[in-house]
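Hi everyone, thanks for coming. I'd like to walk you through one structure today, so please have a look at the screen.

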Amino acid sequence: MGSIQGFKGFDKNLMCLGFQYEVGKQYKIDEEPICCCRNGFHICENPLDTFNYYPPVSSRFCKVRGDGKSQKGSGDSKIAVSRIRIDTEIGLGGIIEAATSFISKQAKSTKGNQAHAATTGYRAHAATTGDFSHAATTGCEAHAATTGCEAHAATTGYMAHAATTGNQAHAATTGYRAHAATTGDFSHAATTG
């Protein structure tokens, strides 16, 4: 397997499942086989999938690089790897910016399970529907909306808004007069700015 660029969430102390991490350090596990959700170091290729494991409000987020043996999870972009390097801490704003870029590259549809939508620019809007769907926007008065189980919406920019509905749905915004709202069990909303 080649190197995988990804993202990882942590608690406020930069710990994940009781394991202490440090920015700039590399870690490895020799246990085999690597099995997602059982062992290994877990990373997400889609930045918004980190919210499935760490809520946007009280967590820390980093860019990471995975290497060695790996196994892809099911349901989202989570991958277990045998080696991980914690490159840089990027915070909530960095996750949202990375999500906009990621979704822009992946966007094919705006409805259906795992649908993605991304926009950029003045008064940009993105909307998706379906389980594991994502919407991301950047720009002044940008809006993102999703509906579906584990759906995510992220925006950045002046008067940006993000709204989601569905169990484990997440909405995150950054920018002056930014708003985020969610409905559904285990849903989270976060704003900065």
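Before we start, a word on strands: helices (H or I, at least four residues) and strands (E, at least two) are DSSP runs, numbered from the N terminus, and two strands pair if DSSP finds at least two bridges between them. What you see is a predicted model, in which local features need pLDDT of at least 70, side-chain atom pairs count only at pLDDT 80 or more, and totals for chains, interfaces and linings use all residues. Residues are numbered from 1 along each chain as its sequence is written, and side-chain values use heavy atoms, with hydrogens and water left out.

Let's begin with the overall picture. The chain comes to 1 helix and 16 strands. Of its 193 residues, 46% count as buried; buried means under 20% relative accessible area, exposed over 50%, and partly exposed in between, with a 1.4 Å probe and protein chains only. The chain exposes about 9000 Å², and carbon and sulfur atoms supply 50% of that area. These accessible areas come from the Shrake-Rupley method with a 1.4 Å probe, and for residues only the protein chains shown count as cover. As for contacts (heavy atoms within 4.5 Å), take those between residues at least 6 apart in sequence: 39% of them join residues at least 24 apart.

Now to the inside. In soluble globular proteins, nonpolar side chains tend to be buried together. Here I call a nonpolar core a set of buried Ala, Val, Leu, Ile, Met, Phe, Trp, Tyr and Cys residues joined through side-chain atoms within 4.5 Å. Which residues have the most contacts inside the largest core? They are Phe-10, Tyr-21, Phe-51, Ile-84 and Ile-86, in a core of 29 residues. Two or more residues come from each of strand E1 (4-10), strand E5 (41-44), strand E6 (60-72), strand E7 (78-89) and helix H1 (91-106). H1 gives the most, with 6 residues. There is also a second, separate core of 7 residues, which includes Ala-117, Ala-126, Ala-135 and Ala-162.

Let's stay with Ile-86 for a moment. Leaving aside neighbours within four places in sequence, Ile-86 is in contact with residues including Phe-10, Tyr-21, Tyr-27, Cys-62 and Val-64. Val-64 also stands opposite Ile-86 in the strand pairing: E6 and E7 pair in the antiparallel sense over 9 bridges. These two strands form a hairpin with 5 residues between them, and Gly-75 in the turn has a positive phi of about 95°.

Next, the aromatics. The structure holds 7 aromatic pairs; rings of Phe, Tyr and Trp (its six-membered ring) pair if their centres lie within 6.5 Å, and planes under 30 degrees apart count as stacked, over 60 as edge-to-face and the rest as tilted. Phe-10 and Tyr-21 make an edge-to-face pair, because their planes are at 65°, with the ring centres 5.2 Å apart. Phe-10 sits in strand E1 and Tyr-21 in the loop between strand E3 (19-20) and strand E4 (26-28), 11 residues apart. Phe-10 is buried at 0% relative accessibility, and Tyr-21 is buried at 4%.

You can follow a row of threonines across: Thr-119 has Thr-137 as its bridge partner in E10, and Thr-137 has Thr-155 as its partner in E12. Why is E10 described as largely enclosed by the rest of the structure? Because 4 of its 5 residues are buried.

For Cys-35, the nearest cysteine sulfur is that of Cys-36, 7.4 Å away. For Cys-37, the nearest is also that of Cys-36, at 4.4 Å. Cys-35 counts as partly exposed, at 25% relative accessibility, whereas Cys-37 counts as exposed, at 62%.

Terms used
Disulfide = S-S within 2.5 Å.
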